[in-house]
Amino acid sequence: MNYFITVSEARRLIEAERYLTQPTFKPLIKSLGHYTAEAIVAPVAVPSFDNSAMDGYGFRYADLADNTPLTVTQVIAAGQLPTDFHLGKGEAVRIFTGAKVPEGVDTVVIQEKVTLEGDLIHFNREEVKQGDNIRLKGSQTEIGTTILPAHTLITPQVIGFLAGFGIPTICVYHKLKIGVLVTGDELLDLGEPLVEGKIYNSNAYTLHAELIALGQHLQRITMVNDTKGATLNAIEKTLAEVDVLLLTGGISVGDYDYVRGALQEAGVTEIFYKIKQKPGKPLYFGKRGDKYVFAMPGNPASVFTCFHIYVKPFLLALTGAHDSFHEQTEATLLSTIKKKGKELTVFFKAVQTPQGVKPLEGQESYRMDSVAKANCLIEFPAEKDFLPQGETVKIYQL
């Protein structure tokens, strides 16, 4: 059994359990938030034909050598296909943005630089270079080019990019079905009157929002009473429906902490329990068959931190993210920070700016005011108890 292990060992054990969900084909617009399961190759060139980059006048550049006005003989709008058209010597076409450039035209001058007299155009020829304002076929992408590698996140801009190739469906990794169990007799749901000795359930909403942000599928969220029977029943019922189960509360060693025992009784194999860290020391990770379980403490800042350091990279890895366990960056510390002892790794809520990163006030595990302000977490290594201003520190973006 892996008990009270280091942060790096915990992340290694979680990463070792990752697998990839099944590939599935999705309509392009419904692929948002998924990761590509295979490389995507350009089925057409983009642009697929030479076209005008501006509204203006197209002509043969060599005809400027005669230094005589060019005569406009045709108008070509976007979407029109000029047929039986021959560009004679000294002739030009009126052409609009996106319109196909006809045979013979190799340069376009923008309309703002042109004076039109009848069907004759005049402009400063010294300002024009051959090939101006023409987008050549394949100048963005040649047909057959790999346009997206596998494991690429589909964002709105990626959808727009792929739509430009006429791609209607793509192959992506399937999203997970995730269940959330929140334990605690002291919890009230939103909208209920506050009772002395009770607190509002923030963990359910934190995790629900985090899963929405990741584009994952929340199958079930349940509030569980602090009894052995209720805990076991909720675990069994939810595990039957989901790929990953997240629990909060009841994982420590108090008289009303039933989660660890219930997980064992439900046939979940423990991979590790407890990490040398703060916040979130009593973190549990286990599996039953191909289903995985994270059991986190009940304090809301602990849940938030554990989700971002451990749960989030695991969920992303399973659904196709290429390197989710190694996305940490570095920043310069803007103020000195200290911690007690050299036993635990401590994660500080912090704000990163272009100048560096600064820890926030209110680092206690029950406080969510610092969580609400934070845009990153600083990792304070276990082997140190003092980090001076100007030190380079590892950070996790939120």
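These are my notebook entries on a predicted model, taken element by element.

**Main core.** I began with the largest nonpolar core, which has 45 residues, and looked up which of them touch the most other members: Leu246, Phe272, Phe294, Tyr310 and Leu315. I then listed the elements that each supply at least two residues of this core, and found α1 (7–16), β13 (169–173), β14 (177–183), α3 (203–214), β18 (244–248), β19 (269–275), β22 (291–296) and α6 (300–318). The largest share, 11 residues, comes from α6. I noted beside this that, in soluble globular proteins, nonpolar side chains tend to be buried together.

**Phenylalanine 272.** Leaving aside residues up to four places away in sequence, I find that phenylalanine 272 touches Asn2, Ile5, Ala10, Leu13 and Ile14, and also Leu283, Tyr284 and Phe285. There is also a second, separate core of 19 residues, and I recorded Leu232, Leu247, Ala262 and Ala266 as being among them.

**The seven-stranded sheet.** I traced an open sheet of 7 strands with mixed pairing, in the order β1-β19-β21-β22-β18-β14-β17. Its edge strands, each pairing on one side only, are β1 (2–5) and β17 (217–224). Neighbouring strands of this sheet are turned by 15° against each other on average, with direction ignored.

Helix α4 (residues 228–239) lies across β14, β17, β18, β21 (284–288) and β22, and I noted an angle of about 170° to β17. Helix α6 lies across β14, β18, β19, β21 and β22, at about 165° to β22.

**Helix α2.** In α2 (residues 156–163) I looked up the buried residues and found Val158, Ile159 and Leu162. They sit on the same side of α2, because the arc they cover around the axis is only 100°. Pro156 and Gln157, on the other side of α2, are exposed. I also looked up what the buried residues of α2 pack against, and the partners are β3 (40–41), β12 (146–148) and β13.

**Strand β7.** Strand β7 (residues 91–95) is largely enclosed by the rest of the structure, since 4 of its 5 residues are buried. I followed its pairing with β5 (residues 56–59), which is antiparallel with 4 bridges, and here glycine 58 stands opposite valine 93. Strand β6 (residues 70–76) pairs with β7 in the parallel sense over 5 bridges, and valine 75 has arginine 94 of β7 as its bridge partner.

**Cysteines.** I searched for disulfides and the structure holds 0. Cysteine 376 is in no disulfide, and the nearest cysteine sulfur, that of cysteine 306, is 17 Å away. Cysteine 376 counts as buried because its relative accessibility is 0%, below the cut-off of 20%. By the same rule cysteine 171, at 9% relative accessibility, counts as buried.

**Serine 335.** My last entry concerns serine 335, found in the loop between β23 (329–332) and β24 (337–338). Is serine 335 buried or exposed? At 18% relative accessibility it counts as buried, since buried means under 20%. Not counting residues up to four places away in sequence, serine 335 touches Lys358, Pro359, Leu387 and Gln389.

Conventions: Residues are numbered from 1 along each chain as its sequence is written. This is a predicted model: local features need pLDDT of at least 70, side-chain atom pairs count only at pLDDT 80 or more; totals for chains, interfaces and linings use all residues. Side-chain values use heavy atoms; hydrogens and water are left out. A nonpolar core is a set of buried Ala, Val, Leu, Ile, Met, Phe, Trp, Tyr and Cys residues joined through side-chain atoms within 4.5 Å. Buried means under 20% relative accessible area, exposed over 50%, partly exposed in between (1.4 Å probe, protein chains only). Contact means heavy atoms within 4.5 Å. Two strands pair if DSSP finds at least two bridges between them. Axes are lines fitted to C-alpha atoms, for helices over the stretch in contact, and angles run from 0 to 180 degrees between N-to-C directions. The arc is that of the directions from the helix axis to the C-beta atoms. A disulfide is a pair of cysteine sulfur atoms within 2.5 Å.
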